[in-house]
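Hi,

Here is the structure I said I would pass on. Have a look at it first, and my notes follow below.

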Amino acid sequence: QLAAWIPMAAVAYCIARLFGTYLGGRIFTVDATAWLLRIGIAGLITVAISIAMRRIVWLVLTSHAGLPLGTRLFTQLVVPNDLLDVLFSLFVLALGHVFKVAVRIADDNASIV
């Protein structure tokens, strides 16, 4: 599971940078939306690595490397927390896209006025 800690650290770093931009007063800016998108992508990568590493650990511990992916194996590898993490990451990713459109609209309005 150590492999999943690297993208988790990336998520924490992106969150810290996002709040740094917010504290700097740059809420509807391109860099804030970029950090939101990076959080969503890093979150999805973290979940994917966590699921893959769980499968590898399970196969190593049980020595069933040749077995097909069955129902029991699927329920042991994809737990409800994984689905919650995917939903959260997708929500942050969608929020980043919404903020990106908001930044474009704000820039268009600023150029008109």
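Met-8, Val-11, Ile-15, Ile-39, Gly-43, Thr-46, Val-47, Ser-50, Asp-82, Asp-85, Phe-88 and Ser-89 line the largest pocket. A pocket here is an open set of points, on a 1 Å grid over the protein atoms alone, where a 1.4 Å probe fits, with protein on both sides within 12 Å along at least five of seven lines; lining residues have an atom within 4 Å of a point. Its volume is about 220 Å³, meaning the space filled by probe spheres set on the points, with points joined across faces, edges and corners.

Before you go further: this is a predicted model, where local features need pLDDT of at least 70 and side-chain atom pairs count only at pLDDT 80 or more, while totals for chains, interfaces and linings use all residues. Residues are numbered from 1 along each chain as its sequence is written, and side-chain values use heavy atoms, with hydrogens and water left out.

Back to the lining: H1 (2-23), H2 (30-62) and H4 (80-112) each supply at least two of its residues, and H2 gives the most, with 5. Helices are DSSP runs (H or I, at least four residues), and strands are too (E, at least two), numbered from the N terminus. The protein chain has 4 helices and 0 strands.

What about burial? Buried residues (under 20% relative accessible area, 1.4 Å probe, protein chains only) make up 26% of the 113 residues in the protein chain. In H4, the buried ones are Asp-82, Ser-89, Val-92, Leu-93, Gly-96, Phe-99 and Val-103. Ser-89 counts as buried because its relative accessibility is 5%. Ser-89 also touches Gly-40, Gly-43 and Leu-44 (heavy atoms within 4.5 Å), leaving aside residues up to four places away in sequence.

The largest nonpolar core has 10 residues: Val-11, Cys-14, Leu-18, Ala-32, Trp-35, Leu-36, Ile-39, Ala-42, Val-92 and Phe-99. Such a core is a set of buried Ala, Val, Leu, Ile, Met, Phe, Trp, Tyr and Cys residues joined through side-chain atoms within 4.5 Å. H1, H2 and H4 each supply at least two residues of this core, and the largest share, 5 residues, comes from H2. One core member, Ala-32, touches Leu-18, Thr-21, Tyr-22, Arg-26 and Ile-27, again not counting residues up to four places away in sequence.

Cheers

Key: Buried < 20%, exposed > 50% of the residue type's maximum accessible area, 1.4 Å probe, protein only.
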